[in-house]
Amino acid sequence: MLVEPVRLEWGPETWDAWRPEEISALLAGVDARWCVVGGWALDLFRGHQTRAHEDLEIATPLWEFDVLRERLSAYEFFVAGREGFWPVDGAGGAYFEYQQTMVRDPANGKWRVDVMRCPDDGANWICALDRAVHRPYDDSVAHASDGIPYLKPELVLLFKGLQTRPKDQADFEATAPLLDADARSWLADALTETKGSNHPWIKSLD
């Protein structure tokens, strides 16, 4: 049944985010693909934490989301959109319009993780912001030394390059020098395809 969106608090003070190792333990053995994305993915790539993270973002294919939700059934799930938040079961069309799903601890009302329900064709990672950009899934996800899956840095930076907030610029400057030639070339090509050849990061990647 479709329900009206509600306004819920969302800011640094409303988070009690899990760390990557905590979500990895909670999802251990789950029969679904998932990986850490966002700033934490870049730190997993580097092998150590480089800055504070107020939240935690993970991604899973749209049709595998319910498997993760079942594993985390002790928590509340809300689809997040411009109009507010919908309980997942009452989100209606917003479930497909928006990919962001916030997970809240009912014990204290704090957000624990942000789950992205991503487009996927079964074989490829597909960029949610520009579905013309895709890449074989097995070449899109890497694993940290302790086995935590994370989206490869060039794919994370593509998302950040399409937004370029101050923290995205800082993440690019800290991560780009660590990319190998293939990763730098892929990112430059993807930014050119999505934003045009004048994107300010492209010159740095050449």
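User: What makes strand 5 and strand 6 (residues 111-118) a pair?

Analyst: Strand 5 and strand 6 are joined by 5 bridges and run antiparallel. Two strands pair if DSSP finds at least two bridges between them, so these two strands qualify. Strands (E, at least two residues) and helices (H or I, at least four) are DSSP runs, numbered from the N terminus. One of the bridges sets Gln100 against Met116 in strand 6. In the hairpin of these strands, with 6 residues between them, Gly109 takes a positive phi near 75 degrees.

The model is predicted: local features need pLDDT of at least 70 and side-chain atom pairs count only at pLDDT 80 or more, while totals for chains, interfaces and linings use all residues. Residues are numbered from 1 along each chain as its sequence is written, and side-chain values use heavy atoms, with hydrogens and water left out.

User: How do you know that strand 3 (residues 76-81) also pairs with strand 5?

Analyst: There are 4 bridges between strand 3 and strand 5, which run antiparallel, and Phe77 stands opposite Val103 in strand 5.

User: Why is Lys160 called buried?

Analyst: Lys160 has a relative accessible area of 5%, so it falls under the 20% limit. Lys160 lies in helix 5 (residues 153-161), where 9 of the 9 residues are buried, so helix 5 is largely enclosed by the rest of the structure.

User: What makes the link between the side chains of Lys160 and Asp168 a polar contact?

Analyst: The two side chains are joined at 2.9 Å. A polar contact is a pair of N or O atoms within 3.5 Å; within protein, one must be able to donate a hydrogen and the other to accept it, and residues adjacent in sequence count only if both atoms are side-chain atoms. The link therefore meets the distance limit.

User: Which residues have the most contacts inside the largest nonpolar core?

Analyst: They are Trp34, Val36, Ile58, Trp125, Leu158 and Leu187, in a core of 60 residues. A nonpolar core is a set of buried Ala, Val, Leu, Ile, Met, Phe, Trp, Tyr and Cys residues joined through side-chain atoms within 4.5 Å. Helix 7 (residues 181-195) gives the most to this core, with 6 residues.

How values were computed
Buried means under 20% relative accessible area, exposed over 50%, partly exposed in between (1.4 Å probe, protein chains only).
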